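Visitor: I am new to this structure and would like to learn how to read it. Could you walk me through it, one feature at a time?

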Amino acid sequence: MTAVDEYLEVGPEVGSGTGSEVVDALEVVARVVLPVAEDPDVLPLYVDGAHVPDPRPEEDEDAPVLSLPSDQHPDQVLGRRSYRIDAGGRTSFATILNAFPASYWRRFATAPAVTLRARTTGPGTLVVYRSSARGASARVTSRRLDGVGSTEVELPLTSFVDGGWYWFDLVAGAKALVLVEADWCVPARPRVGRARGVTVGITTFDRPGLCAALLGQLGTAGELDDLLDEVVVVDQGRRHVEDDPAFPAARGALGDRLRVIRQPNLGGSGGFSRAMLETLDADRSDHVLLLDDDVVAEPEGIARAVAFARHARRPTVVGGHMFSMHERSVLHAFSEVVRPWQFRWMPAAPSEHDHDLARWNLRSTPWMHRRIHSDYTGWWMCLVPTAVLRDVGLSMPFFIKWDDAEFGLRAARNGHPTVSLPGAAVWHVPWTDKDDSVDWQAYFHARNRLVAALVHSPYERGGRLVRESLAISVKHVLAMQYSAAALRVRAVEDVLQGPHALHPVLPTRLAEVRALRAAHEDAHVESDPERFPPVRPVRPRRKDPSAARPSSALATVRAAVGGLVHQVRAVPEGALGRPEREVASPDAGWWTLARLDSALVASSDGGGLAWLRRDRGTAGRAVADAVRTHRELLRRWPELAEAYREAVPALVGEDAWRVTLGLDLPDRRR
């Protein structure tokens, strides 16, 4: 019996965990919840005061959906599951964290229908709606509410092939109406055997406070009491989570379900592969949930992901969306894909990055009603069945960057889809607030993208990737970011060496990359602007050097040609002694910096400034190195692709990871 067959035939038991078969029962797969803290910024993710003014019949689904401003208040939250609607008021649960994503269940799960169960007190009306893939809504049914009682509505999932949600509104009568609790339920799958839950794997590096807070959140979440088999923290830092003042409380909440493992810093891929391996060795869980150490979780979202995975037609990777830690109503990432021709990750069409649900709610966002495809899901929150791990292996030894995308593509190639499930999400610092494309991480961005493309690109020579990679390197040169250009050259050189070096360099490459970057003055960031000479233009300019991003291919070519022409000119002597401009981070595109000789550039997080100075000799050598390495990469692409593809089973295999992690091989493999 294969791992996939075992997953489908013997799975976690639904019910009491006594080992008996459960039939003719409903299983709760999503609870209607409210924020865990009094936070008005996140309330629009849970409840909405807007409603569709004139509900339309099914035949008028093309009509636009109107939305009214929300008037809900945190004081109406009575508890984690209870909410008050004042007399004459109306509240909708047509929100990303409480509506039911019917189309995803229709496509990927086995349930034929979903049942809404609600318990209320007070007079009023419960109205159920559905939406289409176009984003149009239709009224399904309504129920009168009077006094204390429970309402149950069975809803079919037959007509949601390409999109659509279910949700409900509550309208209070002459007195306040209270939602005591509500659930979305599906028929329980018959399962025999002991209950098997989830192991949470967290990789942490020098974030003891954030990691301890996350552990405390997991330990005190009632939704997870019956799901968590173990929480494995792989601590790879110098400041350990166990030394944080909040750790004892987290340890007390999780008890013997918490295990902390210390190991050298092997990056996200090394930490998460250790968590995967520990889950497989323990053989107590059907899934491992990968979480970043600096997220704020929605515990109900974890429970929903597990429930969805248990009902999936086949072993399925289930991911959560990313909300912004800074703007907490902003949905930073909904679903991700890799564009094959460029081999670049991007939001899956028609989704968008940075969508503010406090301004445009679910019903006023038509694209959110489509069932959106995902190639992979970020490892800020990713639920992986152990059956998938046994089938496709662990992470590629990438340290960081592209490990999650490559894993999703590999899983899909072996018949395991990835679903970014609405209703499952975490809050995380968005990558737009980081300089990871120009700091030491630029090496890993470049190397791992190329390796992933060599393994998975359907094009003979990688499509447009090689020339796009060269263009990125040249852009760094134009922007006086010589350290990033050097790191990218080193990345291509390492790819040319072949796959055999990926595991051996995992413990050492970071230090080498940092040293290479530190040799360039643009890598030095000062927090105090007074450490630099005063800004003084070398020559007067008629126009502000800050420019908008080129809006067309022709404008891009013009900007690039102008930048290259500027590079061959002699550097004015005064530019070496004083910065001629101070450039804000949003304006620091290559098209702006390419026209300058010296500039103070702010970091994305606003923490400091770097002094970038043009150097003709360095620029010339950097462009020559980039052209040389990319020409060789293009020439050797077919042979390299074959070598990397043949090496994948060994690179992601348990034995290779045990050696890299310093673990003993099982006796049967000695």
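Visitor: Among contacts in the chain between residues at least 6 apart in sequence, what percentage join residues at least 24 apart?

Guide: Before the number, please keep in mind that this is a predicted model. Of the contacts between residues at least 6 apart in sequence, 80% join residues at least 24 apart. The chain has 670 residues, and buried ones make up 57% of them. As for its elements, the chain contains 17 helices and 25 strands.

Visitor: Let us go inside. How should I read a nonpolar core, and which residues touch the most other members of the largest one here?

Guide: The general idea is that nonpolar side chains tend to be buried together in soluble globular proteins. In this structure the largest nonpolar core has 101 residues, and Phe168 and Leu215 touch the most other members. The most is given to this core by helix α6 (residues 299-310), with seven residues. A second, separate core has 32 residues, including Leu277, Val288, Cys382 and Leu510.

Visitor: What does phenylalanine 168 touch, leaving out residues up to four places away in sequence?

Guide: Among the residues that phenylalanine 168 touches are Val32, Phe93, Leu116, Val128, Leu179 and Trp184.

Visitor: And leucine 258: is this residue buried or exposed?

Guide: Leucine 258 counts as buried because its relative accessible area is 5%, and the cut-off for buried is under 20%. You will find leucine 258 in strand β12 (residues 258-262). Not counting residues up to four places away in sequence, leucine 258 touches Leu215, Val231, Val233, Phe247 and Arg251.

Visitor: Now the sheets. How do I read strand pairing, and what is the order of the open sheet of four strands?

Guide: Strands of a sheet pair through backbone hydrogen bonds, either parallel or antiparallel. Here the open sheet has the order β22-β25-β24-β23, and its pairing is mixed. At the edges are β22 (525-526) and β23 (581-583), each of which pairs on one side only. Three bridges join β23 to strand β24 (residues 598-602) in the parallel sense. Opposite arginine 581 you can find alanine 599 in β24.

Visitor: Which strands form a hairpin with four residues between them?

Guide: That hairpin is made by β17 and β18, and phenylalanine 343 takes a positive phi near 50 degrees in it. Strand β17 (residues 336-339) and strand β18 (residues 344-347) run antiparallel and are joined by four bridges. Arginine 339 has arginine 344, in β18, as its bridge partner.

Visitor: How many salt bridges does the structure hold, and how should I think about them?

Guide: Side chains of opposite charge can pair when their charged atoms come close. This structure holds 39 salt bridges. In one of them, the side chains of aspartate 48 and arginine 363 meet at 3.2 Å, N to O. Aspartate 48 is in the loop between β1 (26-31) and β2 (83-85), and arginine 363 is in the loop between β19 (355-356) and β20 (381-385), so the pair ties together parts that are 315 residues apart in sequence. Aspartate 48 is buried, at 4% relative accessible area, and arginine 363 is buried too, at 2%.

Visitor: With which residue does arginine 207 form a salt bridge at 3.0 Å?

Guide: The partner is aspartate 293, with the closest N and O atoms 3.0 Å apart. Arginine 207 also meets aspartate 294 in a salt bridge, at 3.4 Å, N to O. Arginine 207 is partly exposed at 35% relative accessibility, whereas aspartate 293 is buried at 3% and aspartate 294 is buried at 6%.

Visitor: Which residues are linked in a network of salt bridges?

Guide: The network links Glu230, Arg259, Arg274, Glu278 and Arg284.

Visitor: To finish, which residues form a nonpolar patch on the surface?

Guide: Val557, Val561, Val565 and Val568 do, with about 330 Å² of accessible area together. Valine 561 is in helix α13 (residues 553-568) and counts as partly exposed, at 44% relative accessibility. Glutamine 567 is found in helix α13 as well, but glutamine 567 is buried, with a relative accessible area of 9%.

Definitions and conventions: Residues numbered from 1 in each chain as written. Predicted model: local features only at pLDDT ≥ 70, side-chain atom pairs only at ≥ 80, totals over all residues. Heavy atoms only, no water. Patch = residues over 30% accessible without salt bridge, like charges linked within 9 Å, V, L, I, M, F, W, Y side chains within 5 Å. Areas by Shrake-Rupley, 256 points an atom, 1.4 Å probe, with all protein chains shown as cover. Salt bridge = Lys/Arg side-chain N within 4 Å of Asp/Glu carboxyl O. Helix = DSSP H or I, 4+ residues; strand = E, 2+ residues; numbered from the N terminus. Buried < 20%, exposed > 50% of the residue type's maximum accessible area, 1.4 Å probe, protein only. Core = buried A, V, L, I, M, F, W, Y, C linked by side-chain atoms within 4.5 Å. Contact = heavy atoms within 4.5 Å. Pairing = 2+ DSSP bridges.
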